[in-house]
Amino acid sequence: MQYDVIVIGSGPGGYVSAIRCAQLGLKTAVIEKYSTFGGTCLNVGCIPSKALLDSSEHYHNAAHNFESHGIGLSNLKIDVKKMMERKNEVISQNTAGITFLFKKNKIDTYEGVGSFIDKNTVKVTKNDGSLEELKAKNIIIATGSKPTALPFLPVDKKRIITSTEALNLPEVPKHLIVIGGGVIGLELGSVYARLGAKVSVVEFAKSIIGTMDGGLGKELQRVLKKNLGMEFFLGHKVTGATAKGKKVTVTAENPKGETVSIEGDYCIVAVGRTAYTEGLGLENIGIQTEERGNKISVNEHLETSVKGVYAIGDVVKGAMLAHKAEDEGVYVAEHIVGQKPHIDYNLIPGVVYTWPEVASVGKTEEQLKEAGLKYKSGSFSFKASGRAKASGDTDGFIKVLADAETDEVLGVHMIGPRAADMIAEAVVAMEYRASAEDIGRICHAHPTFTEAIKEAALAATANRAIHA
């Protein structure tokens, strides 16, 4: 078969890119090695984790917060099997939606492993061992990533597990050990902490969510400890983990170099993700992956060293985020047809779906200091928000960073209720190069959580927040 574009992988980057290619009139095919579309995000990542986060948050609120609202409950219990069934149904609905979109946009799909024969020919190795060759003018690699393995810490997928197995546990752990204080570890840790597990987080760095503004990590650690009883071992270097029967023992070195031993019944290894490029046959077309992380080098148009072969999402540099992959997929599709698309990587928001949620866009204070840029900072606490008081979500704050001279917003960092949704206002403002005063003069509905963004912007503008 001859195509204009072949996309290898159907995750957020792959399926969005394929749909945009088809919209632009390109004859498009997608190769996916699994029986369902959607990649890690829809099957074992973003979507199922959010389903469990929502279910566990409902339970936690019922157990700890409903009484203050005048709602009494008795015999509250967790049905883990039903919770997992609901999560699986959410996955099915979303993956079926992609199947529908592919048919609607007349995109051909092939189930199997795609690998390069040459720069215009891809071999599809199907599950039954049969082979099929496809040809295209352009090929987009969108094969995503997989959990990073630690060579000294074997994963048995039963007691020592990755995020994938953590989404299908048959029970609530008594004591869950999480190796890694990043987004994945904290989200999954909070799921089971809400359901009653003791959760211990072991992190090599001196703070959690280390890539985000330092104030967010400190506040999130405080809230998770206060609200969920999670404990943190920061600055600890994991040296090993063993599973025996129903017991897991994790060993680590603390900042003083002393050996620390932590015992639990499950251990999640969540130390990041590695680009998935195995079996692609990149060597057949002269593409080499980077030694660290297996990533593929691309130019400013996301084109590899081989003309007509592109790579997007987790297999290229930058944050491993579904929405980044989607934007890159659209970019490549539009570039192929001669349009002039643009992505501002500084304005790709990052989110942690704990509760309170954490969200960030633009430069952190640490980055501004390191660059020697003069800036102003304005913060507003949700304790002073009328909407937050009404809903009982008063933990957290919003911080707005603005240029000291021009007042242009350089970064917005928030931890609080619905931060994942509220960050979009900051992205829009920064896309149009708004000043802090611009945000402060926009009328925000009352009472809403977004008023806190306005107040933080006013605080950054001559310290004139009204309700602080």
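**View 1. The loop that holds Pro356.** Pro356 sits in the loop between strand S18 (350-352) and strand S19 (357-362). Strands (E, at least two residues) and helices (H or I, at least four) are DSSP runs, numbered from the N terminus. Trp355 and Pro356 are joined by a cis peptide bond, with omega about 5°. This is a predicted model, in which local features need pLDDT of at least 70 and side-chain atom pairs count only at pLDDT 80 or more, while totals for chains, interfaces and linings use all residues. Residues are numbered from 1 along each chain as its sequence is written, and side-chain values use heavy atoms, with hydrogens and water left out.

**View 2. Two further backbone features.** A cis peptide bond also runs from His446 to Pro447, with omega near -5°. Pro447 belongs to the loop between helix H12 (436-441) and helix H13 (451-460). Ile209, a residue other than glycine, has a positive phi near 35°. Its loop lies between strand S10 (198-203) and H7. For comparison, most residues other than glycine have a negative phi, and most peptide bonds are trans.

**View 3. The sheet of five strands.** The order of the 5 strands in this open sheet is S18-S19-S22-S21-S20, and the pairing is antiparallel. Two strands pair if DSSP finds at least two bridges between them. S18 and strand S20 (375-381) are the edge strands, each pairing on one side only. Direction ignored, neighbouring strands of this sheet are turned by 10° against each other on average. Axes here are lines fitted to C-alpha atoms, for helices over the stretch in contact, and angles run from 0 to 180 degrees between N-to-C directions. S20 pairs with strand S21 (residues 397-403) over 7 bridges in the antiparallel sense. In this pair, Lys376 is opposite Ala402 in S21.

**View 4. Helices lying across the sheet of five strands.** Helix H11 (residues 419-431) lies across S18, S19, S21 and S22, and runs at about 10° to S19. H7 lies across S19, S21 and strand S22 (409-416), at about 5° to S22. Contact means heavy atoms within 4.5 Å.

**View 5. H7 beside H6.** Helix H6 (residues 183-194) and helix H7 (residues 214-228) have axes that come within 11 Å and cross at roughly 15°. H6 is therefore roughly parallel to H7, a term for angles under 35 degrees, whereas over 145 counts as roughly antiparallel, 65 to 115 as roughly perpendicular and the rest as oblique. The crossing of H6 past H7 is left-handed; a crossing is left-handed if the near helix is turned anticlockwise from the far one by less than a right angle, and right-handed if clockwise. From H6, Leu186, Ser190, Ala193 and Arg194 meet Leu220, Leu224 and Leu228 in H7. The contact of H6 with H7 has 5 nonpolar, 1 polar and 1 charged residues. In these classes Ala, Val, Leu, Ile, Met, Phe, Trp, Tyr, Cys and Pro count as nonpolar, Asp, Glu, Lys and Arg as charged, and the others, Gly among them, as polar.

**View 6. H6 beside H3.** The axes of helix H3 (residues 46-64) and H6 come within 8 Å, crossing at roughly 30°. H3 is therefore roughly parallel to H6, and passes H6 in a left-handed crossing. H3 contributes Ser49, Lys50, Leu52, Leu53, Ser56, Glu57, Tyr59 and His60 to the contact, and H6 contributes Glu187, Ser190, Val191 and Arg194. By class, this contact has 4 nonpolar, 4 polar and 4 charged residues.

**View 7. H1 packed with H8.** Helix H1 (residues 12-23) packs with helix H8 (residues 322-336) at an angle of about 30°, their axes 7 Å apart. The two helices, H1 and H8, are therefore roughly parallel to each other, and their crossing is right-handed. Pro12, Gly13, Tyr15, Val16, Ser17, Arg20 and Cys21 of H1 meet Ala322, Ala325, Glu326, Gly329, Val330, Ala333 and Glu334 of H8. The contact of H1 with H8 has 8 nonpolar, 3 polar and 3 charged residues.

**View 8. The sheet of three strands.** The 3 strands of this open sheet follow the order S12-S13-S14, with antiparallel pairing. Strand S12 (237-244) and strand S14 (259-264) are at the edges with a single partner strand each, so one side of each has no neighbour in the sheet. Neighbouring strands here are turned by 20° against each other on average, direction ignored. S12 and strand S13 (residues 247-253) run antiparallel and are joined by 7 bridges. Val238 stands opposite Ala252 in S13.
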